[in-house]
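User: I'd like to learn how to read a few features of a protein model, one at a time. Could you walk me through them?

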Amino acid sequence: MRVLITGHCGYIGPVMIRLFHQAGHEVVGYDTGYFRDQIEDASKDCHPDREIAGDIRNIDEAAFRGIDAVVHLAALSNDPMGDIVAAKTDDINTGGTGRCGAMAKKAGVRRFVMASSCSLYGASGASAGALDESAPFAPVSAYARSKVDGEAALQALADKDFEPVLLRNATAYGVSARTRLDLVLNNLMAYGYTTGVIRVLSDGTPCRPMVHIEDISRAALCAAQAPVGGLKHTVFNVGGRNCNYTVREIAEIAAAALPGCRIEITGETGGDPRSYKVDFTRALTELPGFDPQWNLEKGAAELLAWLKLHKPDADDLLGERYIRLKRIQTLRSSGRIDADFRWTDHG
Ligand SMILES: NC(=O)c1ccc[n+]([C@@H]2O[C@H](COP(=O)([O-])OP(=O)(O)OC[C@H]3O[C@@H](n4cnc5c(N)ncnc54)[C@H](O)[C@@H]3O)[C@@H](O)[C@H]2O)c1
């Protein structure tokens, strides 16, 4: 298959490209490149076979000609970014997703896999039990709302010839050629390693489902390969087995991987309104070939090896190299991208 991955120059992209290559597929990447040069230790199989530099808000049909399946990752991709630039999040994540879907359909692509997010269950509350795909949405951020609206934009295009699959990924962790420290496990591990203290600013009670980026990529591969018309459902929560944790439990797993490190639950930000447990039965039983390989302990060990190799210092923990919001802010303040988040110095 020839697969087009949008947003391939981000955190998940290099791991996903490697998995698609290992499965024998050709990969075309399409990305505007906010993080393109922030790549480290990338083996050849982490790079696409062909790359298009472009903004999904302007993507046209030509990009999708000859493509068998699309995996759509391109987005402003987390809550802090979404909150600071809510209008752009809507523009890129909702508008851009709708445009990608419409252009792909026009070009005759039949399978379109969207990286959605469990954050659309946001404020459901852990007492509601584990939520399956029919649970009501309760988004608490511009980012989560953009995923609700992006899903709807694709569903509106669905017919017998164009079948979007919506993958509601849990909170990601893991090492990539663009490892990020703005995700809960990665962040707690990095602080613990660098300062000896794992500080949890909330009261530790919010619940989060967790998934490794390789298992996110695995689910996307299974969905891309599934024959059109052959799936009973096209919306899946994507996580590992037994992967619902409280933030306190995540901190305890990080601390267990970092001998001598202590946990401080400061509670200074109080309870976090984002708290939910998710049921992953459908993906585990119905998504053909999906077999998650990671758990949080294994992920913590992988991150420790990465930390020992890269030795981030205290500045790195807050800086643009590993924190996506900081990178976007730097691109804005230096004038390299304009208020519309378009490049001023190249196309
Ligand atoms: N990381 C997570 O915890 C997580 C969890 C659930 C879902 N997801 C989703 O998975 C996808 C990938 O996540 P990630 O962590 O790799 O994100 P990322 O921010 O690291 O990468 C996103 C990529 O999209 C590109 N992009 C942004 N706006 C664009 C535009 N207008 N045109 C073209 N490219 C554009 C960026 O340059 C970047 O390379 C996102 O849609 C995200 O919402 C991520």
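Analyst: Let's go through the ligand shell, the cysteines, some backbone angles and a few single residues.

User: Before that, what kind of model is this, and how are residues numbered?

Analyst: This is a predicted model, where local features need pLDDT of at least 70 and side-chain atom pairs count only at pLDDT 80 or more, while totals for chains, interfaces and linings use all residues. Residues are numbered from 1 along each chain as its sequence is written, and side-chain values use heavy atoms, with hydrogens and water left out.

User: Which residues come nearest to the ligand?

Analyst: The general idea is a cut-off: a residue is near a molecule or strand if one of its heavy atoms lies within 4 Å of it. Here there are 29 residues around the ligand, and Asp-31, Leu-73, Ser-77, Tyr-143 and Arg-324 come nearest. The shell divides into 15 nonpolar, 9 polar and 5 charged residues.

User: Which atoms of the protein pair up with the ligand's polar atoms?

Analyst: Look for polar contacts, meaning pairs of N or O atoms within 3.5 Å (within protein, one must be able to donate a hydrogen and the other to accept it, and residues adjacent in sequence count only if both atoms are side-chain atoms). A polar backbone atom of Tyr-11 is 2.8 Å from an oxygen atom of the ligand. A nitrogen atom of the ligand lies 2.9 Å from a backbone N or O atom of Ile-56. With Ser-77, an N or O atom in the side chain is 2.6 Å from a ligand oxygen atom. As for cover, the ligand taken alone exposes 830 Å², and the protein buries 98% of that; accessible areas come from the Shrake-Rupley method with a 1.4 Å probe, and for residues only the protein chains shown count as cover.

User: Which elements give two or more residues to that shell?

Analyst: Those are strand E5 (111-117) and helix H4 (142-155), and E5 gives the most, with 3 residues. The labels are DSSP runs numbered from the N terminus: helices (H or I) have at least four residues, strands (E) at least two.

User: How many disulfides are there?

Analyst: A disulfide is a pair of cysteine sulfur atoms within 2.5 Å. By this rule the count comes to 0.

User: Which residues have a positive phi without being glycine?

Analyst: Asn-242 is one of them, with a phi of about 45°. Asn-242 sits in the loop between strand E11 (235-238) and strand E12 (244-246). Phe-341 has a positive phi too, near 65°, and is found in the segment after helix H11 (324-333).

User: Are Asn-242 and Phe-341 buried or exposed?

Analyst: Asn-242 is exposed, with a relative accessible area of 73%, whereas Phe-341 is buried, with 3%.

User: What does Ser-116 touch?

Analyst: Contact means heavy atoms within 4.5 Å. Ser-116 lies in strand E5 and is buried, at 3% relative accessible area. Leaving out residues up to four places away in sequence, Ser-116 touches Lys-147, Glu-151, Leu-167, Arg-168 and Asn-169. The side chains of Ser-116 and Glu-151 are joined by a polar contact of 2.7 Å.

User: Where is Asp-161, and which side chain does it contact?

Analyst: Asp-161 lies in the loop between H4 and strand E7 (163-169). Its side chain makes a polar contact with that of Lys-160, at 3.2 Å. Asp-161 counts as partly exposed, at 39% relative accessibility. Not counting residues up to four places away in sequence, Asp-161 touches Val-109 and Arg-110.

Definitions and conventions: Ala, Val, Leu, Ile, Met, Phe, Trp, Tyr, Cys and Pro count as nonpolar, Asp, Glu, Lys and Arg as charged, and the others, Gly among them, as polar. Buried means under 20% relative accessible area, exposed over 50%, partly exposed in between (1.4 Å probe, protein chains only).
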